[in-house]
Structure formats: C-alpha cells, structure tokens
Amino acid sequence: MPELPEVEVVRRGLERWVAHRTVADVEVLHPRAVRRHVAGADDFAHRLKGRHVGAPRRRGKYLWLPLEETNQSVVAHLGMSGQLLVQPQEAPDEKHLRVRIRFADTLGTELRFVDQRTFGGLSLHDNTPDGLPDVIAHIARDPLDPLFDDEAFHLALRRRRTTIKRALLDQTLISGVGNIYADEALWRARLHYERPTAGFTRPRTAELLGHIRDVMNAALSVGGTSFDSLYVNVNGESGYFDRSLDAYGREDLPCRRCGTPMRRRPWMNRSSYFCPKCQRPPRPVGPGRG
C-alpha cells in the first residue's frame, strides 16, 4: 500500500493538474469504486457535478480533494493498486478504469481513477471544523507536518508499552509510516523492530524521528517507491526509491553498514527486514527482572 511519500507525490501532481478546476461530469464505471459512498454511484456523480475542486490535501497516507463552496471532500482510498491519473481526454481507456472525472474547461485533460484489484475507491464525506474529512479525523499528524508534536509523540510512545514497529504503524499515533519506511528508519536508527517503546529516551525518540523524516524526504525526491506498475504518479511514472532501500526487500544481501547478511522475519502478516548485527533483538525479560 502506498505510504506517505507515494501519496504526497500524487497529491503534488493533483495540485498542479486538478486544483481549482470545475467538474463537468462524473462517470462511474464500476460500483465498487464508490462503495464507501453509501448513497451510491448516481448520487456521487450528481454531488460532484458543477463543483470546484480545491487544493488537494493529505494527512499521512490519506488524500482528499476539498470541494470549494461546500463543507465536503472527496476522499481517495488508493488501496493496493489504486491510481489517480491525469490523462488527455482522447487517451484510450485503461483496462481497469473505474471512475472518470471530466472538467468544464479547455485544458483537454481528465482525472481517472484506475484500480486493478478494486480495493480502493472514491467517496464523499463531510469535513470537520479543522477541514478534515470526518472519516479520517482520528488519524494523527504525520512526521512531515509542521505541526507534528515531537514531545507528545515521545510521551505517547512511553505510555503505549508496545514495540517500536507496532507503534510506528499505528496511524492514530503517527501517520504515513508503513512497512517499508518503518524498516528503513529502524535500520538507520540501529533499532530492532521488537524494541519495547517504554524504555525510549527523548534523545532516542528524536533520533528515530529524524531518520523517519530523512528517509521520507529522500523517497519524495525520487518520486517514492515502486516495485511494480501499480504505484505511479498522476502522469503514470514510477518512483525510483526502491533502488536506494537499505533494509526492505534485501533478505540475504549484505548490510550496507557492516556486511552481515540481512534477515527477513514474518511479522503481523507482513515481513520485517533487519540486520542481525546492527539491530540486535532486545534481551528477554526473565523472572524478577524488568
């Protein structure tokens, strides 16, 4: 699933090509693409027609298009394979085209939602007073948000009494971090994914946040991470950060820091990649200890 850098790349493309345009027509080609809009496809299309699209916004992995002059937004759930593409109107339809949005201008491009696996979708939601769609009001700020509170994050880490990778993937604690960038940041910080959060000091938390921000900014600079054709930007181009990954996907390859073969372990229906020398597992707490 796309993480913060990939979603931010898409947001920037939408800001350039879609913001402040007026919707002329909406065509829903597959009902699953708007299944989260409980009133149905016809209602979704009707409510968007004639609306002005505001500047796209993002929180963590969540992306939405505010509708100007209303208190509603279109939330885009990209899922595993969802793509928002800006295409020339005359371009052939993609095989898995699900929704087409045409605009009332002469720019000659339209917005297409393409989704091979139909896990994603578009839906219309009311906004909270903070301008967030109500369905994502519980999502925490992400580490690239200027208003992200480092101290509050540290205190929450200490209170959670969980392990660090579980905490990083908890979108109510810190948003935008998924499996790939968690493994990358933990490798940079020399932290094992099962390290308990209760023992984190402020300097250790600050160091980890610094690595999270560094790896995300590095990914942003090359368009995010693409392992196949399912993640692309609005122009259909893939990102190149997969070539710079230090941990994720590097099982049995030498650690770029110490040369020890990297390992992969099953973890919460995912995989965790780590260096057994640089990221030593925490010592078990025996009877009478801890």
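Two strands count as paired if DSSP finds at least two bridges between them. Strands here are DSSP runs of E with at least two residues, helices are runs of H or I with at least four, and both are numbered from the N terminus.

What you see above is a predicted model: local features need pLDDT of at least 70, side-chain atom pairs count only at pLDDT 80 or more, and totals for chains, interfaces and linings use all residues. Residues are numbered from 1 along each chain as its sequence is written, and side-chain values use heavy atoms, with hydrogens and water left out.

I start with the sheet. Four strands make an open sheet in the order S1-S7-S8-S6, and the pairing is antiparallel. At the edges are S1 (23-28) and S6 (82-88), each of which pairs on one side only. From one strand to the next the twist averages 20°; angles run from 0 to 180 degrees between N-to-C directions, and axes are lines fitted to C-alpha atoms, for helices over the stretch in contact.

S1 is joined to S7 (residues 97-103) by five bridges, in the antiparallel sense. Which residue of S7 stands opposite Val 26? That is Ile 101. Helix H2 (residues 41-48) lies across S1 and S7 and runs at about 170° to S1.

Next, a hairpin. S10 (residues 263-267) and S11 (residues 270-274) also pair in the antiparallel sense, over five bridges. Arg 265 has Ser 272 of S11 opposite. Two residues separate the strands, and Met 268 in the turn has a positive phi of about 50°.

Now a loop residue. Asn 127 sits in the loop between S9 (121-126) and H3 (150-160). Is Asn 127 buried or exposed? Asn 127 counts as buried because its relative accessibility is 14%; the cut-offs are under 20% for buried, over 50% for exposed and partly exposed in between, with a 1.4 Å probe and protein chains only. Apart from neighbours within four places in sequence, Asn 127 has contacts (heavy atoms within 4.5 Å) that include Asn 71, Ser 73 and Pro 133.

The axes of H3 and H6 (residues 202-221) come within 10 Å and cross at roughly 115°. On the H3 side, the residues that meet H6 include Phe 153 and Leu 157; on the H6 side, Leu 209 and Arg 213 are among them. By class, this contact has four nonpolar, two polar and four charged residues. Here Ala, Val, Leu, Ile, Met, Phe, Trp, Tyr, Cys and Pro count as nonpolar, Asp, Glu, Lys and Arg as charged, and the others, Gly among them, as polar.
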